[in-house]
Amino acid sequence: MRLSSVCFVYAGLCATFGMIIGIWMGVSGDHTLGPAHAHLNVVGWLSMAVFGAYHRGTGRTESRLDRIQVGTMAIGVPAFVGGLAIYMTTTRKAAADFIFPVGLVGTFLCLGAMILFVIIAMRDGLGKAPPPV
C-alpha cells in the first residue's frame, strides 16, 4: 500500500472515531471529551489527510524520512488523544498521574511529525521538484 493511501485510511479511521465520539457526546449531553474529539479530528483526520494529499500530489518516492514522518504521527495521535481522553475522564489521581506522560509523549510525537513534514516540504521546495504523478 502506498504511503499516501496509508495516510488516507488512517485519516478516515480518525474521522470515523471522531464522529462516533461527537455523536456520543451529543446524545449523552456529556461533552467532557470535547477536547479529545476536536484533537482527534484536527490532528488525526485533517493532518493525516493533508500528509496523504501532499505525498500523493508531489509524487514522492516514499523515502525513509517520509515513512518516519507518517509513522511518528500514526503513533502520536492515539497516544495524545487517548491520553487526553483518559486524563479528562478519570477521577483517580494515580490513573491521571500515570496517563498524563503518555499523552504528553503523544503530543511531542505529533509535533515531531509536523516538523518532519515541514522539513520534507522545504526540501521539495528548495530542491529539484519530483516529477508529477
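Lys93 is exposed, with a relative accessible area of 59%. In this predicted model, Lys93 forms a salt bridge with Asp97, and a search of the whole structure finds 1 such bridge. Another place to look is the pairing of helices α1 and α3, whose axes come within 11 Å.

- The closest N and O atoms of Asp97 and Lys93 are 2.7 Å apart, which is inside the 4 Å cut-off for a salt bridge.
- Side chains of opposite charge can pair when their charged atoms come close.
- Both residues belong to helix α4, which covers residues 93–126.
- Asp97 and Lys93 sit 4 residues apart in that helix, so about one helical turn separates them.
- Asp97 has 43% relative accessibility and therefore counts as partly exposed, whereas Lys93 is exposed at 59%.

**How α1 and α3 meet**

- Helix α1 spans residues 3–28 and helix α3 spans residues 64–89; their axes cross at roughly 10°.
- Because angles under 35 degrees count as roughly parallel, α1 is roughly parallel to α3.
- The crossing of these two helices, α1 and α3, is left-handed.
- On the α1 side, the contact is made by Leu3, Cys7, Tyr10 and Cys14.
- On the α3 side, Asp66, Arg67, Val70, Met73, Ala74, Val77 and Pro78 take part.
- Sorted by class, the contact of α1 with α3 has 9 nonpolar residues, 2 charged residues and no polar ones.

Definitions and conventions:
Residues numbered from 1 in each chain as written. Predicted model: local features only at pLDDT ≥ 70, side-chain atom pairs only at ≥ 80, totals over all residues. Heavy atoms only, no water. Axes fitted to C-alpha atoms, helices over the stretch in contact; angles between N-to-C directions. Parallel < 35°, antiparallel > 145°, perpendicular 65-115°, else oblique. Left-handed = near helix turned anticlockwise from the far one by under 90°. Contact = heavy atoms within 4.5 Å. Nonpolar A, V, L, I, M, F, W, Y, C, P; charged D, E, K, R; others polar. Salt bridge = Lys/Arg side-chain N within 4 Å of Asp/Glu carboxyl O. Buried < 20%, exposed > 50% of the residue type's maximum accessible area, 1.4 Å probe, protein only.
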